[in-house]
Amino acid sequence: KNNHKVTRSSQNAVIYTRVSSKDQLDNASLDSQLRICERYAHRKSMNVVAYFGGTFESAKTDESKEFNRMLAFVKRNKEVSYVICYNYTRFSRTGLDGAQISDQLKKFGITLVTATQEIDTSTPTGKFQERFQFLMARWDNEVRTTNMTVGMTQRLLQGYWPLTVPFGYTNLNKGQKADKHHIWVNEQGKLLRKAWTLKIKYGLPNNEIGSRLNTAGLKIHEKKLSATVRNPFYCGQGVCSFIPGKVVE
């Protein structure tokens, strides 16, 4: 077994940026991350050869498309020595799994660096600090999830809908708190409404209803239509795994 450590001596680097939700794409977070990472590269005399991310990807798992594309690129390109991220939470929130990926990169001669948390991972103290940052990111993620679950459960019991609205509806106040949401029937919903009329008045099967809706301009698969007409939300009732066994108006 060859345990020889691979070293890369170039100053070439890639930058990976990420936000954790679709809503954050509308703010300046990605631009700020990119700008700060580029400043870091300039200060360290690094040559940025590629950019990855620039979109929303969950950091709860390390299976996101852009993240894996970045890993494949740096492992394949032997002229790349660094991966630059804004901070460790932008790289991964999976705790020790994120630290393991960082260790794997080191075996290829690639060093993970962050623009706002400069840690020398070539020393035992630095390695400990890096693992601690990954663990803190995981802990923070779990705390956020717990708080969000409690808040969403409370809103659901109050009769609000803090989740994504079903097909045929538009939330005109998306991004606001659930009690500020304005859920509106959109143009697709107006066509979808015919499904219930066709079912109640004529007892038509779903495939025939789907065919008529397609003719009217609403493309919907039979399986999706079947799930839609059985969704209590369209009857003004909320059913959700956050409130098991409960139905709220």
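Analyst: Ser45 lies in the loop between α1 (29-43) and β2 (47-56). Helices (H or I, at least four residues) and strands (E, at least two) are DSSP runs, numbered from the N terminus. The model is predicted, so local features need pLDDT of at least 70 and side-chain atom pairs count only at pLDDT 80 or more, while totals for chains, interfaces and linings use all residues. Residues are numbered from 1 along each chain as its sequence is written, and side-chain values use heavy atoms, leaving out hydrogens and water.

Most residues other than glycine have a negative phi. Ser45 is not glycine, yet its phi is positive, near 60 degrees. With a relative accessible area of 56%, Ser45 is exposed (buried is under 20%, exposed over 50%, partly exposed in between, with a 1.4 Å probe and protein chains only).

Next come the strands. Two strands pair if DSSP finds at least two bridges between them. Strand β1 (residues 12-19) runs parallel to strand β3 (residues 82-85), and three bridges join them. Ala13 has Tyr82 of β3 as its bridge partner. β3 also pairs with strand β4 (residues 111-114), in the parallel sense, over four bridges. There, Cys85 is partnered by Thr114 in β4.

The helices follow. Two packed helices are described by the angle between their axes and the distance between the axes. Axes are lines fitted to C-alpha atoms, for helices over the stretch in contact, and angles run from 0 to 180 degrees between N-to-C directions. Helix α7 (residues 194-202) packs against helix α8 (residues 206-216) at about 140 degrees, with axes 10 Å apart. α7 and α8 are therefore oblique to each other (under 35 degrees is roughly parallel, over 145 roughly antiparallel, 65 to 115 roughly perpendicular, the rest oblique). Contact means heavy atoms within 4.5 Å. On the α7 side it involves Lys194, Ala195, Leu198 and Lys199, and on the α8 side Asn206, Ile209, Arg212, Leu213 and Ala216. These residues divide into five nonpolar, one polar and three charged (Ala, Val, Leu, Ile, Met, Phe, Trp, Tyr, Cys and Pro count as nonpolar, Asp, Glu, Lys and Arg as charged, and the others, Gly among them, as polar).

α8 also meets helix α9 (residues 222-229), where the axes come within 9 Å and cross at roughly 105 degrees. That makes α8 roughly perpendicular to α9. Asn206, Asn207, Ile209, Gly210 and Leu213 of α8 meet Glu222, Leu225 and Ser226 of α9.
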